[in-house]
Amino acid sequence: MLKQSKICAYGDADRYIYSFKKDDYALFYSKGKGIVAIGRIKSEKTMKLKDEDGLYHDVEMLVPSSYDFNKNPKCYLSAHEIYTLLNHGFFYASTMKVPFLDDFEVQKLRKALQIKYDDILKKT
């Protein structure tokens, strides 16, 4: 749902979507790569998907602010890079990433990811 600027959950995991609130950060992870995008939840309440069985929140994309996600993301922060930036890792295997990152940590990741996207734009 990254292409539609949404954070979604399906099946048993859909209950986690109720935990997200407006202005929370959403980190979009691509398996085998890492964090490919960062957004901020902009919807006030949880909504049901129209064509699928799942729940979602609308997200304002922060990094990148626009990108054709039909293409394979070329920019990402790997697990190793995240660990290096934060001095700790976090759990990737579920919708809820506990322990949560604080604002300072998210801003570190946001800045590092933005630099990667800016470098790609300079090359095109």
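Student: Does K6 count as buried or exposed, and at what relative accessibility?

Tutor: K6 is judged by its relative accessibility, where buried means under 20% relative accessible area, exposed over 50% and partly exposed in between, with a 1.4 Å probe and protein chains only. This is a predicted model, in which local features need pLDDT of at least 70 and side-chain atom pairs count only at pLDDT 80 or more, while totals for chains, interfaces and linings use all residues. Residues are numbered from 1 along each chain as its sequence is written, and side-chain values use heavy atoms, with hydrogens and water left out. K6 therefore counts as buried, its relative accessibility being 16%.

Student: With which residue does K6 form a salt bridge?

Tutor: A salt bridge requires a side-chain nitrogen of Lys or Arg within 4 Å of a carboxyl oxygen of Asp or Glu, and the closest N and O atoms of the K6 pair are 3.0 Å apart. K6 lies in strand 1 (residues 6-10) and its partner in strand 5 (residues 54-63), 52 residues apart, where strands are DSSP runs (E, at least two residues), helices are DSSP runs (H or I, at least four), and both are numbered from the N terminus. The partner of K6 is D58.

Student: In what order do the helices and strands follow along the sequence?

Tutor: The protein has two helices and five strands. Read from one end of the sequence to the other, they follow the pattern β-β-β-β-β-α-α.

Student: Which residue pairs with K22 in a salt bridge?

Tutor: K22 sits in the loop between strand 1 and strand 2 (25-30), and its partner, 22 residues apart from it, sits in the loop between strand 3 (34-41) and strand 4 (47-48). With an N to O distance of 3.4 Å, the side chain of K22 meets that of E44.

Student: At roughly what angle do the axes of helix 1 and helix 2 cross?

Tutor: Axes are lines fitted to C-alpha atoms, for helices over the stretch in contact, and angles run from 0 to 180 degrees between N-to-C directions. Helix 1 and helix 2 are oblique to each other, since angles under 35 degrees count as roughly parallel, over 145 as roughly antiparallel, 65 to 115 as roughly perpendicular and the rest as oblique. The axes of helix 1 (residues 79-86) and helix 2 (residues 103-123) come within 10 Å, and the angle at which they cross is roughly 130 degrees.

Student: Which residues of helix 2 make the contact with helix 1?

Tutor: Contact means heavy atoms within 4.5 Å, and helix 1 contributes E81, I82, L85 and L86. On the side of helix 2, the residues are E105, K108, L109, A112 and K116.

Student: How far apart are the C-alpha atoms of L49 and A9?

Tutor: L49 is placed in the loop between strand 4 and strand 5 and counts as buried at 11% relative accessibility. L49 and A9 are 40 residues apart along the chain, and their C-alpha atoms are separated by 9.7 Å.
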